[in-house]
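Please keep the sequence and the 3D view side by side while you read. My notes are meant to be checked by eye.

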Amino acid sequence: MPVNRRVFIAAGAGASLGLFVLGPSGRREAVAGPVIGGTLKPSRIDKFVLPLAIPTAMPRSGPNAYRIAAREHMQQMLPPPFRPTRVWSYGPEGDPARFVSPACTIEATRGTPVEVTWINDLVGPDRRFRPHLLPVDPTLHWANPGGRRDTRPTFDKTPGPYTGPVPLVPHVHGMAEVEDWSDGYPEAWVLPDAADLPEGFAPVGTWYDFFWTKAGGGDWGPGRMTFRYPNSQRPSTLWFHDHTLGITRLNVYAGLAGFWLIRSDDPADHPTVAGSGAAAVLPADTHDIPLAIQDRAFNTDGSLYYPDSRKLFDDYAGPYIPASAVPPIWVPEFFGDCMVVNGRTWPYCTVDARRYRLRVLNACNSRVLVLRFADPAVEVWQIGSEGGYLAAPVKLRDVVLAPAERADLVVDFSRVAPGARVVLRNRGPDAPYKGDAEDDEARADPRSTGQVMQFRVVRPTSPDPTTPPARLVMPAIAPLAAGRERALALVEAMTPSGKDEVPHEVALATFDAARGRPDGVTVAHWGDPISENPAPGDTETWAFHNFTADAHPMHVHDVLFQVVDRQELDETNGRPKGRARPPRPEETGWKDTVIAPPGQVTRVRMRFAKAGRFVWHCHMVEHEDNEMMRPFRVGPEQDGEPQDHGAPR
């Protein structure tokens, strides 16, 4: 049965299909998707059987260069006797044994640029293209290689899933000051260099040729592109994943993701010890472990499951596009019933009774994680977020991470008795997050999604030389000066269904607070003209007014930002009211993704360095794929760039 989803609404007069935002009085109930599973029930999967897989370093193809392909292969995600799972992953070209999801980790050094040639190799041995593993909804505004590229198609009748060749374009999430041609723009995709591309299909997206010309070199051609990354920012934990317009949710769910770590040899980039000024010692080597946490669903044959009908989300059985605005396959959010860490369901990790550094990535499609160790003897300190070290270490009971957020943790097992087995639990909801980590309304099922992995504590074989987190002095963070504030809005569009409404898209908007809502809300879709256009060197504050019922993880490309504050919104007019609250202590570093809670404005401040074309969006990827993403431009329009083209609606 679907679970209740609170949706605040205010309909325009006479609207049958319209924008719905934070309402002036009360609430109406709509249904939201439950935890979605395939034919394999979580109760049939033994937990803590497979050891944690720790990604190895990605092999280089030359000095500071990589050739990385995306391919299909089989991976043992479930414990035997279940069959391996067919997935997609990145790996070094020419080394099939190194393809795994999440991928091998790219190890980078601050200040040393690298080049990556990305290759779409989603073909079989006969060089025939491989169709998608998962159901592609062709009614969204998406890459659309078989039609008018990068548009929302129109249909005379409801279509089935797209079965053609799959476009790809990679994005290194969190890479700042990268040129736009290397950022992974959603319309700069490539199809595989397959022998059987259908006649009339576009082999590349609308921005591919422009960026190829702008790159001025590198290995660009059929099925591939070469991007250059500056690695100019502080040491931090980044990740890379596919970013193709309208199918990011599916390409990432299929397995296309991996870690990218920026390290530094400069002592000034690292913490010191309080009172002495000596360089601090953090857990390293085998005691420094990245953890990519995902929720997934499976079928009994071991295959990945993802819903192929909107009806499975909220029982809405139509009418669908073109008889209504509701896409037939797209679901507003996805919450799987199995937890996967580094590509394996409910793994275990053997650890010494000492301190470890855990770099935790929420790589779920829509799920917000609220992580807590079951044994209170485990001490957890957060020392970094997406953009590197925090202003000061923070001792935590719960680690709250929305999709794409990262937490750099020092976890101390020294007070745990050797032989103990400690479960990392998830107290987040099996539903959209409302912004309260203590909300018990839809807490994860303790038998399945409420468990993440197990740590098996053993006696240490040597003393722990690392610095206690409480004694760490972090590198200084200079606050950004205030600049222009842009009032932006997060909204949801609804379609009437019986006595209620169902969401058919989520979107971004500008907000004129003087006019209030709804009149001051101007929705802009992906194909609409640019509305955010800072100049290189500008510092701006972006104020995300959340007029929906759910928290959204907001991500801005090519910059790192500082969280300024949050403030309640008036339910009548949508304007900020009351006193603004400062960021949480674990948000006092540089970030690239921030939780924007419902009914609040969340302000972040950033400085724009590189001219070019980039995007900002919600990182619940189901939202991103259906209009909750917008392009922005830094500086003037570039000579020869493709023109914006709105899609038929």
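The points below go from the whole chain to single strands.

1. **What kind of model.** This is a predicted model. Please keep that in mind at every point.

2. **Overall make-up.** The protein has four helices and 36 strands. Its C-alpha trace spans about 70 × 65 × 55 Å along the principal axes.

3. Of the 649 residues, 63% are buried. The accessible surface comes to about 22,600 Å². Carbon and sulfur atoms account for 52% of that surface.

4. **Contacts along the chain.** Take the contacts between residues at least 6 apart in sequence. Of these, 78% join residues at least 24 apart.

5. **Helix α1.** Which residues of α1 are buried? In this helix, residues 208-215, they are Tyr 208, Phe 210, Phe 211 and Ala 215. Seen down the axis of α1, the buried residues fall within an arc of 165 degrees, so they line one face of the helix. The buried residues of α1 pack against β9 (224-229). Just after the helix comes Gly 216, with a positive phi of about 70 degrees.

6. **Strand β8.** This strand covers residues 170-173. Pro 170 and Val 172 point one way, while His 171 and His 173 point the other way. Are these residues buried or exposed? All are buried. β8 pairs with strand β10 (residues 236-242) in the antiparallel sense, over four bridges. Val 172 has Phe 240 as its bridge partner in β10.

7. **Strand β31.** Look at residues 561-569. Seven of the nine residues in this strand are buried, so β31 is largely enclosed by the rest of the structure. β31 pairs with β34 (residues 600-607) over seven bridges, in the antiparallel sense. Within that pairing, Asp 565 has Arg 603 of β34 as its bridge partner.

8. **The hairpin of β31 and β32.** β31 is also joined to β32 (residues 576-581), by three bridges, and these strands run antiparallel. Leu 569 has Pro 576 as its bridge partner in β32. How many residues lie between the strands of this hairpin? There are six. In the hairpin, Gly 574 takes a positive phi near 80 degrees.

9. **A four-strand sheet.** Four strands form an open sheet, in the order β33-β30-β35-β36. The pairing is antiparallel. Why do β33 (593-596) and β36 (629-634) each have one side left without a neighbour in the sheet? They stand at the edges, each with a single partner strand, so no neighbour covers that side. Neighbouring strands of the sheet are turned by 25 degrees against each other on average, direction ignored.

10. Strand β30 (residues 552-556) and β33 pair over four bridges, in the antiparallel sense. Find Met 554 in the view: it stands opposite Val 594 in β33.

Definitions and conventions: Residues are numbered from 1 along each chain as its sequence is written. This is a predicted model: local features need pLDDT of at least 70, side-chain atom pairs count only at pLDDT 80 or more; totals for chains, interfaces and linings use all residues. Side-chain values use heavy atoms; hydrogens and water are left out. Two strands pair if DSSP finds at least two bridges between them. Helices (H or I, at least four residues) and strands (E, at least two) are DSSP runs, numbered from the N terminus. Axes are lines fitted to C-alpha atoms, for helices over the stretch in contact, and angles run from 0 to 180 degrees between N-to-C directions. Buried means under 20% relative accessible area, exposed over 50%, partly exposed in between (1.4 Å probe, protein chains only). Contact means heavy atoms within 4.5 Å. Accessible areas come from the Shrake-Rupley method with a 1.4 Å probe; for residues, only the protein chains shown count as cover. The arc is that of the directions from the helix axis to the C-beta atoms.
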